[in-house]
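We'll go one piece at a time.

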Amino acid sequence: MSAMAIVQAEQVHKIYDEGAVPVEALRGVSLTIAPGEFTVIAGPSGSGKTTLLNLLGALDVPTTGRVFFEGQDLSKLSRRERARLRLYKIGFVFQAYNLIPVLTALENVEFVLLLQGVPERERRRRALEVLEQLGIGELAHKRPHEMSGGQQQRVAVARAVVSRPRLILADEPTANLDSATGARLLDLMEQLNREQGVTFVFSSHDPQVIERGRRLLWLHDGRIEREERR
Amino acid sequence: MRLRDTIGLTRVAWRNLWRNRRRTLIVLSSVVVGVFVLVLFDTLNLGMVAQMLDNHLRLHVGHVQIHREGYHANPAVEQFFQDAATVQQQVATHPEVQAVAPRVLAHGLLSSAYNNGGVQLVGIVPEAESLVTFIAKQLVAGRYLHGEGREILIGERLARKLEVRLGDRVVAMAARPDGQIGSEVFRVAGLFRTVSADFDRTMAFIPIDQARALLGLPSDAAHELVLLLNDARQAETLKAHLQSALPDTLEVLTYRDIVPLLVMQRDLYAQMMYLIYLIIGVALIFGIINAMLMAVLERLPEFGVLRAIGMSEGRLFLLVSLESLLIGLLGTALGWGLSLPVYAYLAHHGLNLAAFSEALTAFGIGAVIYPRLTFRVVWNAWLIIPLVAWLGALYPAWRALHVEPVEAMRAV
Ligand SMILES: Nc1ncnc2c1ncn2[C@@H]1O[C@H](COP(=O)(O)OP(=O)(O)OP(=O)(O)O)[C@@H](O)[C@H]1O
Ligand SMILES: [Mg+2]
């Protein structure tokens, strides 16, 4: 296990057997994510991208194999401990439903800090700072329904970075965006990666995301078929 | 830090409430109506029950009685005490005491030319008695006693039995402490009708001096001092005060000691109110469960995201609970806001149940009911209703807790 690794998967299998036929979504995946990476997990629909991301993000546990987060074996953590780990160490950007509809952009970003128990004044300051940094300060007092999809996703990125996590996982963040808007979202994340060294792992089958990845993992039928570095 | 989180979450919960305005308003109005009904029901019930007891006490018993030690256990004619006027003055100085009346009591026989009947002879000071009990107001014929003369007040029923009318003569006979039988002729001055048929059959009132003469008692003797207090609830404390202030040869009793069954009956009626709380609580809880469940189920993906970004189960539970609790608290506040003016109106004018007054009179309540607001009502409503709201959120909150973030977001 690399000392540098943020997260590491070892021979991970994931079998869903709630349905009539058990589905083996991952069939022996091993990978290591090091700090500062900008990695895309690419692959066709059903190849297991979301499943893998969920395992890396401590949202789920593998059927066999192990996932280590900063050297900590996730299967040894309770649900509560995994929630805590996510709260402090991992940021998420999902495809949809990212934001709490009743809260403004600023309040949504603050919410993570609220959960962390950060005092109100500091919460507000840090949230505003992040929104300004990401160039969406003018959205601070808008509610999700008053924003475009691209704006919402940028606020979701702001929420993901505000707690300064070790890792940000983004599951098809551009899936609901047109390509120009998607490109701007990617610019934003690249900038965070370049300037602040934030580590990103995406999943996508969107070519424009794939071409931006500095490391590319091709997933097919639950296996990593190919890896590229650029 | 916990509190700070809770304030932050409360803000979120509050906004969540208004996502589905219509649904929230429906549940909210059910809570408001529930509280409104409860408050008025409870205060009217308390008022009615208190009036019932009070009317019984004002019939004859009063709030506190003083006798010679042992009289209550064995009410014999020789168990009188002397210096009644002095004791009366001493008792009257206590600020809780509104009025005091002395009584001379004896079991006796009342005879007319046609019939006779056993009676409780009560020698009273008419003005003093009329300040303590309602007897002066319950005459249906004739007039109240007004002096020393040989006049008697009897119940309508007794008069019928003795076949006497106003102005007729009756002979009263009673055993005296010295073993002799005293007897005297009295003229019927008035007839009374109270809520109690038994009372109307067995009680006979004569001037206290006539009673003393009949029984051969000293001129300052009495069997009983009956006290009316400003507030019945002061009876126990006053009893304690009087017991230490008065000589040991006297006993002090409260109405609780004298008519424990009536007190029990009142408490029982008061307890019955909890049945109403239960019924309304059950009615409310299903509405709340239903609304909260809908609110939770349609937000499962959102809860999935919240869990994903690291919200703990405890906080998610708190969030859902707070939403329901806020409905409960807001509903209770509005329910109170609505019921207080009505309460104030009724407390001032009373609820006139003249239409049912016959039945009520039979219960000793009176036709006009005045609601009574006690701390217990306030406490009950503010405690029980929000609690019910919170209980209604338990199952929905449990559903929210068991959201697997991965599943919930996949369902989108
Ligand atoms: N909770 C689940 N229960 C049962 N089967 C599941 C579950 N989650 C995923 N699967 C199955 O596992 C396989 C991999 O799914 P996954 O969502 O990881 O793929 P994906 O690459 O993210 O696909 P997409 O591009 O459509 O999002 C699919 O066959 C899917 O149907
Ligand atoms: Mg997917």
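What follows is a tour of one chain's layout, the contact between two chains, and a ligand.

Keep in mind that this is a predicted model. Start with chain B, which the domain assignment splits into two parts. Domain 1 is built from two stretches of sequence, 3–57 and 262–410, while domain 2 covers 70–247.

Now turn to where chain B meets chain A. Chain B puts 29 residues into this contact and chain A puts in 27. Together the two chains bury about 2,600 Å², and 60% of that sits on carbon and sulfur atoms. On the polar side of the story, there are 7 residue pairs in polar contact between chain B and chain A, counting pairs with both residues at pLDDT 80 or more.

Which parts of chain B supply that surface? Helix 1 (2–17), helix 11 (300–308), helix 12 (313–349) and helix 15 (405–410) of chain B each give at least two residues to the side that touches chain A. Helix 1 of chain B has the largest share, with 8 residues.

The whole structure holds 37 of them over all chains, and 4 run between chain B and chain A. One to click on pairs the side chains of A:Glu107 and B:Arg15, at 2.6 Å from N to O. This pair crosses between chains, linking helix 3 (residues 105–116) of chain A to helix 1 of chain B. Another salt bridge joins the side chains of B:Glu313 and A:Arg79, with 2.8 Å from N to O.

Last stop: ligand 1, which lies between chains A and B. How many residues are around ligand 1, and which come nearest? There are 16 around it, and the nearest are A:Ser45, A:Gly46, A:Lys49, A:Thr50 and A:Thr51. For some of these you can look at individual distances to the ligand's oxygen atoms. The side chain of A:Ser45 has an N or O atom 2.5 Å from an oxygen atom of ligand 1. For A:Thr50, the corresponding side-chain distance to a ligand 1 oxygen is 2.7 Å. A:Thr51 also has a polar side-chain atom 2.5 Å from an oxygen atom of ligand 1.

How values were computed
Residues numbered from 1 in each chain as written. Chains lettered and ligands numbered in written order. Predicted model: local features only at pLDDT ≥ 70, side-chain atom pairs only at ≥ 80, totals over all residues. Heavy atoms only, no water. Domains from an automatic or database assignment. Contact = heavy atoms within 4.5 Å. Buried area = accessible area lost by both parts, 1.4 Å probe. Polar contact = N/O pair within 3.5 Å; in protein donor to acceptor, adjacent residues only side chain to side chain. Helix = DSSP H or I, 4+ residues; strand = E, 2+ residues; numbered from the N terminus. Near = heavy atom within 4 Å.
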